[in-house]
Amino acid sequence: MKKMLLATLLGANLFAFNTVNGASNNSYQMKGKVVKAYTQSGFGRRGVEWLFMDVKTNKGIEKVGIAPTFIISNLPIKEGDIVEVLHAYAKERGDFIDLVLGKYGRIIINPEGVEIRINRKFIADVEDGETVEIRGAVVKILSDTLFLYLCPNCKKRVVEIDGVYNCPVCGDVEPDEILRLNFIVDDGTGTMLCRAYDRRVEKLLKMNREELKNLTMEMVEDEILGEEFVLYGNVREENDELIMIVRRVSYVDVEKEIKILEEMG
Ligand SMILES: [Zn+2]
């Protein structure tokens, strides 16, 4: 894995002007996995835009402000990277930490020998109430439609007659449109019923919402049956069966999978 010293990459002097008064901790360290890298405006005296990362550490998700975008326009940190922050000045600002690297601080991206354990399991070992990651192939589609039209008041399914949507309780309504897919995943140890909503369905089928409206369920099956995914979500029991409510869909990264399988023994 490539090792990169961000401070070296950018030149430590770049941070020098960004002095922190009364830094609460001048030797801040953290280690974790980047779940999101993004910019957000409205920070600092002039409401400047900042680069942020949300890092999953053993203390939970930490939101880290790194630098204003007028200093670094493009940060070589992406979702899934492991980052290690060393010798930084840290200043608490409400619910996030403003991180200043200064002269000795470093952000190391993908350091060797650091791996954050995700709760990856074989389907046969997954239990009720767990939040886990599984990897498997889609073997069956259970939904008979991708889009559900629900009454905005009582959440019952509405019936469409000539372009007018009618709720059995509330009468004619403008329905909420929900994109939903129920499917079965098999990883060789067992099968898991999975339910995905909205952008997760778009990611599974590699199409946007509008494109999905042109698909018949046969076309959905052609797209997805046999395809392998890494799915992360909450598992609970529903009608005597475990079901995963999918929170994140990832495509299979073979190199990563080899490492995970080695760790799982
Ligand atoms: Zn209703």
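**Entry 1: confidence**

In the protein chain, which element has the lowest confidence and which the highest? I looked up pLDDT, the predictor's confidence in each residue, from 0 to 100. Strand β1 (residues 4–5) is lowest at a mean of 37, and β14 is highest at 97. I count strands (E, at least two residues) and helices (H or I, at least four residues) as DSSP runs, numbered from the N terminus.

This is a predicted model, so I note the ground rules: local features need pLDDT of at least 70, side-chain atom pairs count only at pLDDT 80 or more, and totals for chains, interfaces and linings use all residues. Residues are numbered from 1 along each chain as its sequence is written.

The protein chain averages a pLDDT of 80, and 78% of the residues score at least 70. Over residues 1–25 the pLDDT stays under 50. The model has 40 contacts beyond four places in sequence for that stretch; I call two residues in contact if their C-beta atoms, placed from the backbone, lie within 7 Å. Where pLDDT is low, the predicted coordinates should not be read in detail.

**Entry 2: overall count**

I get five helices and 16 strands for the protein chain. Buried residues make up 22% of its 265 residues. My cut-offs: buried means 20 or more other C-beta atoms within 10 Å of the residue's own, exposed means 12 or fewer, and partly exposed is in between, with C-beta atoms placed from the backbone. Among contacts between residues at least 6 apart in sequence, 58% join residues at least 24 apart.

I went along β14 (residues 191–197) next. Which of its side chains are buried? M192, C194 and A196 are, and they point to one face.

Then I checked pairing, where two strands pair if DSSP finds at least two bridges between them. β14 pairs with β13 (residues 176–186) in the antiparallel sense, over seven bridges. In that pair, R180 stands opposite Y197 of β14. The hairpin of β13 and β14 has four residues between the strands, and there G188 takes a positive phi near 95°.

β14 also runs parallel to β16 (residues 241–251), joined by three bridges. I find R195 opposite I245 in β16, and L193 has I243 as its bridge partner.

**Entry 3: β15 and β16**

β16 pairs with β15 too, in the antiparallel sense and over 10 bridges. G233 stands opposite V246 in β16. Two residues lie between the strands of this hairpin, and N239 takes a positive phi near 50°. D240 is found in the loop between β15 (228–238) and β16, and its phi is near 65°, positive in a residue other than glycine. Is D240 buried or exposed? D240 is exposed, because 5 other C-beta atoms lie within 10 Å.

K206 also has a positive phi, near 55°. K206 sits in the loop between α2 (199–205) and α3 (209–212). With 11 C-beta neighbours inside 10 Å, K206 counts as exposed. Most residues other than glycine have a negative phi.

**Entry 4: an open sheet**

β10, β11 and β12 form an open sheet in that order, with antiparallel pairing. β10 (159–161) and β12 (171–172) are the edge strands, each pairing on one side only. Three bridges join β10 to β11 (residues 164–167). I161 has V164 of β11 as its bridge partner.

**Entry 5: cores and G80**

A nonpolar core here is a set of buried Ala, Val, Leu, Ile, Met, Phe, Trp, Tyr and Cys residues joined through C-beta atoms within 7 Å. The largest has 21 residues, and M53, I66, V83, A88 and L99 have the most contacts inside it. β2 (25–43), β3 (48–57), β4, β5, β6 (96–100) and β7 (106–109) each supply at least two of its residues. β5 gives the most, with six.

Leaving aside neighbours within four places in sequence, V83 is in contact with G32, V34, V55, I77, I107, I108 and I109. Apart from this core lies another of 20 residues, among them V185, V201, L204 and M244.

Last stop, G80, in the loop between β4 (60–68) and β5 (82–93). G80 counts as partly exposed because it has 13 C-beta neighbours inside 10 Å. Beyond four places in sequence, G80 is in contact with K33 and V34. Its C-alpha atom is separated by 9.5 Å from that of V55, 25 residues apart along the chain.
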